[in-house]
Amino acid sequence: MQSKVSTKRIGLWVSSCLVGAVMRGGPAAAAEVPSLDLKFGVLTGLTGDLAQSGQPWLESARVAVEDLKAKVDAMGYGDKIKISFVGGEDSQGNAQGGIEAAKKVVEVNGANVVIGDFFSSVTVAAAQSVFIPEKIIDFTGGTAPSITDLNKKTGATWMWRMAPPDSIQGPVVAKLIADTLGKDATINVAARNDTYGVGLSDAFKKAWLAGGGKIGNVIVYNPDSPTLETEAQQLVAGNPNGWFLVSFCQDWGKLKGPLQRTGQWDPKKTFGGGSAATRKSARPRPIRRFPSRARPSRPSIRPTSPSSPR
């Protein structure tokens, strides 16, 4: 995951991807350009987990679609390729909300191309219930490896993903921990109980064991639990050499306090997925606290994907 989203950065990224997808072949293939009416919609979490990233995601997609239209018009294809933005819908950051929002953006708003969600769990649910049955192209920010399998089952490429999957991030964080704590260290693992959390933790465990490391306690927790006191106690048990956590900002806020109160947790030996990055974590580096003059002190953990918009 990760903290703030750069609207301009994501807008340019999405625009570049869409131009490549729509204009494959270039000016030389102008005569072969088919007549298309592309209606872009957005699926994103405007409420719930990571709501702070939802509005930038929506706005950046709108900017990208406008940029795409301008590029297509400038290339002289505007009479053949119609491009419009039909708005976005709130997935609420969960699978059921995502299905309802996907139905609305497709059936009510009329989108035939959807950008989102950045939640893997929402993406998988919406793809299975709406996008694939309705033959809607989707550009997702979800990183769960299971998203790749969705296209294999259909024989067509409806799902597109530009961010690297967690099957890559897992081995990357395993190497980072091995370089820091040693390849034979014992690591306790905690992950939120959803497609993203379980998928990334599984990818890490597979890579860590393959490299000669040991896995201690594995805690899969409900991110909606009011407290995570019991989970924190389980997470520090067994005297591990370090920790790997897969969480979003909201549930990390509920976990970090109990971990601190155990007196057995060391943030300097803790690593996290991209979503655990903080504003100060511009790159993987030793754990430190924020200066007290800037904001209340809090421990941060090393991210493996500090620039990701989650």
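Which side chain meets Lys152 in a salt bridge? Asp149 does, at 3.7 Å from N to O, and you'll find that pair in one of the close-ups below. First, a word on what you're looking at: this is a predicted model, where local features need pLDDT of at least 70 and side-chain atom pairs count only at pLDDT 80 or more, while totals for chains, interfaces and linings use all residues. Residues are numbered from 1 along each chain as its sequence is written, and side-chain values use heavy atoms, with hydrogens and water left out.

**View 1. The whole protein has nine helices and ten strands.** Helices (H or I, at least four residues) and strands (E, at least two) are DSSP runs, numbered from the N terminus. Of the 310 residues, 49% are buried; buried means under 20% relative accessible area, exposed means over 50%, and partly exposed is in between (1.4 Å probe, protein chains only). Take the contacts (heavy atoms within 4.5 Å) with a separation of 6 or more: 71% of them come from residues 24 or more positions apart. The accessible surface (Shrake-Rupley method, 1.4 Å probe) comes to about 13900 Å², and carbon and sulfur atoms own 52% of that.

**View 2. Strand 1 pairs with strand 2 and with strand 3.** Two strands count as paired if DSSP finds at least two bridges between them. Strand 1 (residues 36-44) runs parallel to strand 2 (residues 81-90), with nine bridges between them. Look for Lys39, which sits opposite Ser84 in strand 2. Strand 3 (residues 113-115) is also parallel to strand 1, joined by three bridges, and there Val114 is the bridge partner of Gly41.

**View 3. Strand 1, helix 2 and strand 2 form a right-handed β-α-β unit.** Right-handed here means that, with the strands pointing away from you, the path from the first strand over the helix to the second runs clockwise. The helix in this unit, helix 2, covers residues 51-74.

View 4. Asp67 is partly exposed at 26% relative accessible area, and Lys71 is partly exposed at 36%.

View 5. Lys152 is exposed at 63% relative accessibility, whereas Asp149 is partly exposed at 32%. Elsewhere, salt bridges with shared partners link Asp49, Arg192, Asp194 and Asp251 into one network.

**View 6. Helix 4 is mostly covered.** Ten of its twelve residues are buried, among them Ser120, Val124 and Phe131. Helix 4 (residues 120-131) spans only 14 Å between its end C-alpha atoms, whereas a straight helix of twelve residues would span 16 Å. That expected span is 1.5 Å times one less than the number of residues.

Key: A salt bridge is a side-chain nitrogen of Lys or Arg within 4 Å of a carboxyl oxygen of Asp or Glu.
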